[in-house]
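This report covers how two chains meet in one model. It begins with a term used throughout.

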Amino acid sequence: MAGHATQLDAKTLWGGKESPFQTSYGKLMMWFFLVSDALTFGGLLVAYGFTRHDFQGAWPIGEETFNSMPFLGHGYPLLYVALMTFILIVSSVTMVLAVEAGHRMDKKGVVKWMIATIIGGFFFVGSQAWEWSHFIHGSEFGKIELADGSQAVVKGHFGEIKNFTVEVAGKHHKKGAVIKEDLMHEFQHAAEKGRLKDGKILLHDGSIAKINKEADSHMQLIIKKDGKKHKVGDAPIHGKDAEKMYYESLYAGEPNHVIYGANLKQNEYGPQQYAQFFFFITGFHGFHVFSGVVINIIIMLGVVAGTYHKRGHYEMVEKTGLYWHFVDLVWVFVFTFFYLI
Amino acid sequence: MERDDLIEYSLHAHHNEEHGKAVRKKIYFVTILLTVITVVEVALGAYIKQSSSAWPFVKWSFVAMTLLKAGYIVMVFMHLGDEKKTLRNVILIPYILFMLYLIFIALWEALEVGHAWSTYGAA
């Protein structure tokens with residue numbers, strides 16, 4: 001590693017001439033910053049661990065909560081987050097290749113690999129946006145409170161709603177009218193408000209319509225909160241029994257039997273703290289990824305302009321590389337402790 | 001004022017093509033390793049239920065695989081393995097010691113708090 005002057009004796013070492021770590025000031029400061037940032041993330045993950053360890057009920061399980069893929073629907077446990085992890089690892093690799101090209105003063109190579117890194121970063125941020133959106137909107141079934149007071153998450157295929165046929169006219173819709181728009185949204189809103197009863201929906205304008213819906217399939221109820229009859233840890237309830245219990249509760253005509261998605265007030269997937277930690281930890285990490293992409297773009301423009309080539313070394317690329325790898329490093333831990341365990 | 005009495009270190013020591021090849025080989029090896037570990041983790045996570053008797057083993061293997069991945073990222077991608085030993089120790093030892101302490105104290109406390117809730121109060 002040492003450059004031209006390798007004459008190291010007590011006089012040079014203690015004379016204030018030799019950098020004790022044989023590294024530049026900028027790189028050392030980047031490491032100090034990364035250690036402090038690592039303490040922040042460490043603190044957040046430990047706080048998550050604290051909450052999970054002192055929590056009494058059932059904690060959400062990653063493979064049940066995150067099992068959807070864009071364009072493909074559900075039933076793909078952890079696959080999407082694995083893809084995100086892979087994208088981030090690959091972008092870390094392209095970054096280290098950019099650093100390596102910089103060591104050989106290969107300007108074209110640095111630009112090429114940095115562009116690849118930036119593209120990977122954008123893909124990751126976009127994936128995270130999709131996952132947040134999915135987490136906030138929730139599943140088509142929602143979390144249901146069953147007749148005995150227990151709560152269950154619901155897995156399976158939700159049969160499509162074809163239309164609503166108006167049976168009792170309201171201010172807006174006439175009797176016999178067929179409503180075909182915004183069905184899922186209306187249905188979920190009515191379910192939360194307790195406006196579904198015996199297969200019929202009470203619409204905003206006061207009309208009552210019959211719900212024409214295809215049958216669900218492969219339904220499964222997994223108990224997440226004890227009730228009088230069903231307990232956490234019971235075997236999942238399948239098929240016709242599950243459908244009967246689900247619709248008994250959904251069509252009871254009472255509010256607050258079902259929760260769709262997660263926000264800061266309610267959470268379909270489990271306890272409220274789970275959603276808050278999800279938003280904070282993945283959000284804070286996503287913010288790091290985003291700022292990493294911005295920094296990479298700025299440095300890449302510097303490389304294109306030839307700033308670092310003139311300087312005689314590409315250490316700036318190495319320093320942004322450190323930050324970028326750190327973002328990947330944090331994700332490795334978030335992936336394990338949030339999604340896997 | 002520019003100082004000319006400082007001893008130069010790595011900044012201007014460029015790699016030649018041959019050295020670059022060796023470095024790239026190492027990078028590709030680590031890439032494959034990280035990918036394989038991630039695939040194994042996801043497969044275990046998807047197929048072994050948390051209620052299964054193998055779960056405690058799987059859980060700890062996740063932790064071990066994560067630390068292995070982290071080690072390769074820090075040592076190879078972040079070049080900490082190529083830095084001076086003192087720098088490596090200054091960065092890693094305080095952090096690891098502190099995190100071990102924090103994990104121990106927080107999780108131990110959490111179990112006690114949870115125990116107190118279930119014994120004396122309604123959660």
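Two residues are taken to be in contact if their C-beta atoms, placed from the backbone, lie within 7 Å. The model is a predicted one.

In helix α10(A), the residues H325(A), D328(A), L329(A), V332(A), F333(A), T336(A) and L340(A) meet a set of residues in α2(B). On the α2(B) side these are F62(B), V63(B), T66(B), K69(B), A70(B), I73(B), V74(B) and F77(B). By class, this contact of α10(A) with α2(B) has 10 nonpolar, 3 polar and 2 charged residues.

**The chain B side as a whole**

Contacts between the chains involve 54 residues of chain B and 54 residues of chain A. Three helices of chain B, α1, α2 and α3, each supply at least two residues of the side that touches chain A. Of these, α3(B) gives the most, with 15 residues. The residues on this side of chain B divide into 30 nonpolar, 14 polar and 10 charged.

| Helix of chain B | Residues |
|---|---|
| α1(B) | residues 17-47 |
| α2(B) | residues 55-77 |
| α3(B) | residues 85-120 |

**Domains of chain B**

The domain assignment of chain B gives domain 1 as 16-82 and domain 2 as 83-123. The C-alpha centres of domain 1 of chain B and domain 2 of chain B are 23 Å apart.

Notes. Residues numbered from 1 in each chain as written. Chains lettered and ligands numbered in written order. Predicted model: local features only at pLDDT ≥ 70, side-chain atom pairs only at ≥ 80, totals over all residues. Helix = DSSP H or I, 4+ residues; strand = E, 2+ residues; numbered from the N terminus. Nonpolar A, V, L, I, M, F, W, Y, C, P; charged D, E, K, R; others polar. Domains from an automatic or database assignment.
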